[in-house]
Amino acid sequence: MKIKLILSVALFMGLFAVSSSAHADKKTTKLPEKENFHIYLLIGQSNMAGRGVVDPAANKPHPRVLKLDKKGNWVPATDPLHFDKPKIAGVGPGSGFGPAIADAHPDVTIGLIPAAVGGTPLSRWVKGGDLYERAVKWAKKNQKKGVIKGAIWHQGEGDSSKPELYNSYQKRLSGMIVDLRTDLNEPDMPFVMGELGEFFMRPGAGTVNEALHGIAKTVPGTAVASSKGLKAKSDQVHFNAAAEKEFGKRYAEQMLKLQKQAADKE
């Protein structure tokens with residue numbers, strides 16, 4: 001009787017181990033060789049994190065686009081990409097950006113590091129700020145697994161209310177770009193910035209957009225993705241899901257241009 005009991009327990013434990021192993025394997029995404037894993041930082045505030053409504057029926061990942069989850073694992077890039085505010089996180093520009101970059105580079109896998117946080121000012125994204133340091137930490141850790149190929153940025157709504165913030169925006173963001181490239185040891189890393197929405201009516205919105213274009217003219221390897229014609233949600237602050245995906249494609253277009261320009265110089 002004891003022998004039967006021991007055998008039954010052993011059999012159960014063996015089946016449990018096999019089942020657990022298989023379950024764990026489903027959660028593990030095998031990464032390609034380092035040079036074929038191209039990583040992009042997604043940084044800024046809520047319109048980068050994404051607040052577009054997710055359509056479950058269309059929420060299928062591109063086969064070669066991964067995202068870094070909140071536990072630091074690489075998983076298929078379904079929406080929401082970000083986890084800054086789980087109750088409201090939704091479709092963002094990364095949802096259109098990742099697949100567009102992957103389609104342009106059919107031999108590589110794209111990895112997205114979703115580091116944006118809604119409602120955050122530029123002061124938290126400059127060197128020494130908590131979100132800047134966190135994004136650098138995540139990027140450095142994953143440089144062992146892949147190659148940082150660029151960063152996309154959307155922020156400025158939070159700095160559009162006070163003159164001392166929007167009037168100094170160009171200088172402060174320019175400095176951040178230089179610091180980010182230095183800290184990641186990627187001096188020529190392409191950096192694409194997105195315009196604030198045409199619908200966004202805070203006093204300094206136009207000044208922030210002018211600052212972005214000023215940076216594109218003065219800081220090498222930078223570009224601006226246009227928000228022209230992109231529609232808002234009812235709050236008149238956030239882009240809707242369709243607009244976010246289209247915005248992501250515009251980011252990708254500018255990123256690919258910067259990458260081509262860099263390649264042509266080599």
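Predicted model: local features only at pLDDT ≥ 70, side-chain atom pairs only at ≥ 80, totals over all residues.
Contact here means heavy atoms within 4.5 Å.

Asn 47 is found in helix α2, which spans residues 46–49. Its relative accessibility is 0%, so Asn 47 counts as buried. Setting aside neighbours within four places in sequence, Asn 47 is in contact with Pro 93, His 154, Glu 157, Val 237, His 238, Phe 239 and Glu 244. One of these partners, Glu 157, also makes a polar contact with Asn 47, side chain to side chain, at 2.9 Å.

Another name in that list, Phe 239, takes us to the aromatic rings. A pair of aromatic rings is described by the distance of the centres and the angle of the planes. Searching the whole structure turns up eight aromatic pairs. In one of them, the rings of Phe 199 and Phe 239 have centres 5.0 Å apart and planes at 75°; an angle over 60 degrees counts as edge-to-face, so that is the label for this pair. The pair links distant parts of the chain, as its two residues are 40 residues apart. Phe 199 sits in the loop between β6 (191–194) and α7 (205–218), while Phe 239 sits in the loop between β7 (222–225) and α8 (241–265). Both Phe 199 and Phe 239 are buried.

Phe 247 and Tyr 251 form a tilted aromatic pair, with 4.9 Å from centre to centre and 50° between the planes. These two residues are four residues apart in helix α8, so about one helical turn separates them. Phe 247 counts as buried at 0% relative accessibility, and Tyr 251 is buried with a relative accessible area of 0%. Ring pairs link Phe 199, Phe 239, Phe 247 and Tyr 251 into a cluster.

Next comes the nonpolar core. The largest one has 68 residues, and those touching the most other members are Leu 41, Ile 43, Phe 97, Trp 153, Leu 173, Leu 180 and Phe 191. Beyond residues up to four places away in sequence, Phe 191 touches a set of residues including Ile 43, Trp 153, Leu 180, Arg 181 and Leu 258.

Our last stop is Lys 67, in strand β2 (residues 65–68). Leaving out neighbours within four places in sequence, the contacts of Lys 67 include Trp 74, Pro 76, Thr 78, Leu 81 and Leu 112.

How values were computed. Residues numbered from 1 in each chain as written. Heavy atoms only, no water. Phe/Tyr/Trp six-rings, centres within 6.5 Å; stacked < 30°, edge-to-face > 60°. Buried < 20%, exposed > 50% of the residue type's maximum accessible area, 1.4 Å probe, protein only. Core = buried A, V, L, I, M, F, W, Y, C linked by side-chain atoms within 4.5 Å. Polar contact = N/O pair within 3.5 Å; in protein donor to acceptor, adjacent residues only side chain to side chain.
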